Amino acid sequence: MKLVFLDKKTIGEDMDFSQFARLGEVVGYDFTAPKEAPERVADADIVIVNKVPINRQTIHNARNLKLVCVTATGTDNLDKDYLAERGIEWRNAAGYSTESVAQHTFAMLFYLLEHLRYYDDYVKKGDYINDVMFTHFVKTFPQLTGKTWGIIGLGAIGRRVAEIARLFGARIVYYSASGAPAQEGYRQVDLETLLQTSDIVSVHAPLNQYTDGLMNQKAFALMQPHALFLNLGRGQIVVEEALAEALNEGKIAAAGLDVLCREPMAADSPLLRVKEKDRLLITPHIGWASVEARTNLMNIVAEHIRTFCGSPKHPGT
């Protein structure tokens, strides 16, 4: 059994891959361009992939391929119709990063809400040394208690964010872009109501026909001027030109993004034209990537392979 990792480095060089060696011959490539994929998968039985497109062009000559494992929850890079045509099965890794993404959501929120960049700079520049008062609150901030938090996409991550926000005393409303029935214990509202009434709006939805471009110029215009916006779902859910405009025109107070329409970031991204830099926080798609989450991811993928091959679970994995 030959296992081929096409973009191994996207999982992290600090991860332990030894359990895969017990499942078969392992070949790993740090990165793979689509044009390189056909040769690299030619004799693979199982392909493990993160972002490399898996379609007719990339795996047409993979004569032994039986299973594709995605080291992510999203499967936008898979041509599922072609895989079905070939009788090739696929597995993704759902739920591995719920705690990590929820944690990063609050890290971004408090960084923006409490103006931590400003206060860190204030101290490190030496201004606090010569101040006349023990405290300094030029940049005021509110408590989360009593605020309304609107969640777009109430899946596992969205529910975890809601649970934590409730511990801080926030009220939760949510919007389901697909129109799914209301979830017990949560108040479901339409998008317009959510945007108009929420002090914080966070996105935890997948990219699909319902969410592509959902947060556009019209959507940001509905939000309150003091509101914070966070996207930890998929970059294409946000029209970045519209977000930059909303920040520059004061339609919202601040935004935090862990995902972008193009990753790595495009040199001509409209987000680079946001005038007040401290009102926009961008992290390079790291919310999913805690050590524990990536370890969990590796275990899930290995278990998928063991189950598919009918192998017993190895002790300690």
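**Entry 1: ground rules.** I am working with a predicted model, where local features need pLDDT of at least 70, side-chain atom pairs count only at pLDDT 80 or more, and totals for chains, interfaces and linings use all residues. Residues are numbered from 1 along each chain as its sequence is written, and side-chain values use heavy atoms, with hydrogens and water left out.

Entry 2: I looked up the strand order here and found 2-1-3-4-5, in an open sheet of five strands with parallel pairing. For my own reference, helices (H or I, at least four residues) and strands (E, at least two) are DSSP runs, numbered from the N terminus. Two strands pair if DSSP finds at least two bridges between them. Strand 2 (25-28) and strand 5 (89-91) are the edges, each with a single partner strand, so one side of each has no neighbour in the sheet. From one strand to the next, the twist averages 20°.

Phenylalanine 5 stands opposite isoleucine 48 of strand 3. Helix 11 (residues 291-309) lies across strand 1, strand 3, strand 4 (67-70) and strand 5, at about 160° to strand 4. Such angles run from 0 to 180 degrees between N-to-C directions, with axes as lines fitted to C-alpha atoms, for helices over the stretch in contact; contact means heavy atoms within 4.5 Å.

Entry 3: Strand 7 (residues 171-175) pairs with strand 8 over two bridges, in the parallel sense. Tyrosine 174 has glutamine 188 in strand 8 as its bridge partner.

**Entry 4: nonpolar cores.** A core here is a set of buried Ala, Val, Leu, Ile, Met, Phe, Trp, Tyr and Cys residues joined through side-chain atoms within 4.5 Å. The largest has 46 residues, and Phe20, Trp149 and Ile305 have the most contacts inside it. Leaving out residues up to four places away in sequence, phenylalanine 20 touches Leu3, Phe5, Val26, Met298, Val301, Ala302 and Ile305. Another core, of 31 residues, lies apart from the largest one and includes Ile152, Val189, Val201 and Met223.

**Entry 5: salt bridges.** I count 15 of them in the structure, taking a side-chain nitrogen of Lys or Arg within 4 Å of a carboxyl oxygen of Asp or Glu. Arginine 40 meets glutamate 36 at 3.7 Å, N to O. Is arginine 40 buried or exposed? Arginine 40 counts as buried, at 19% relative accessibility (buried is under 20% relative accessible area, exposed over 50%, partly exposed in between, with a 1.4 Å probe and protein chains only).

Glutamate 99 and arginine 160 form a salt bridge at 3.0 Å, N to O. The pair links helix 5 (residues 98-113) with helix 7 (residues 156-167), 61 residues apart. Shared partners join Glu99, Arg160 and Glu163 into one network of salt bridges.
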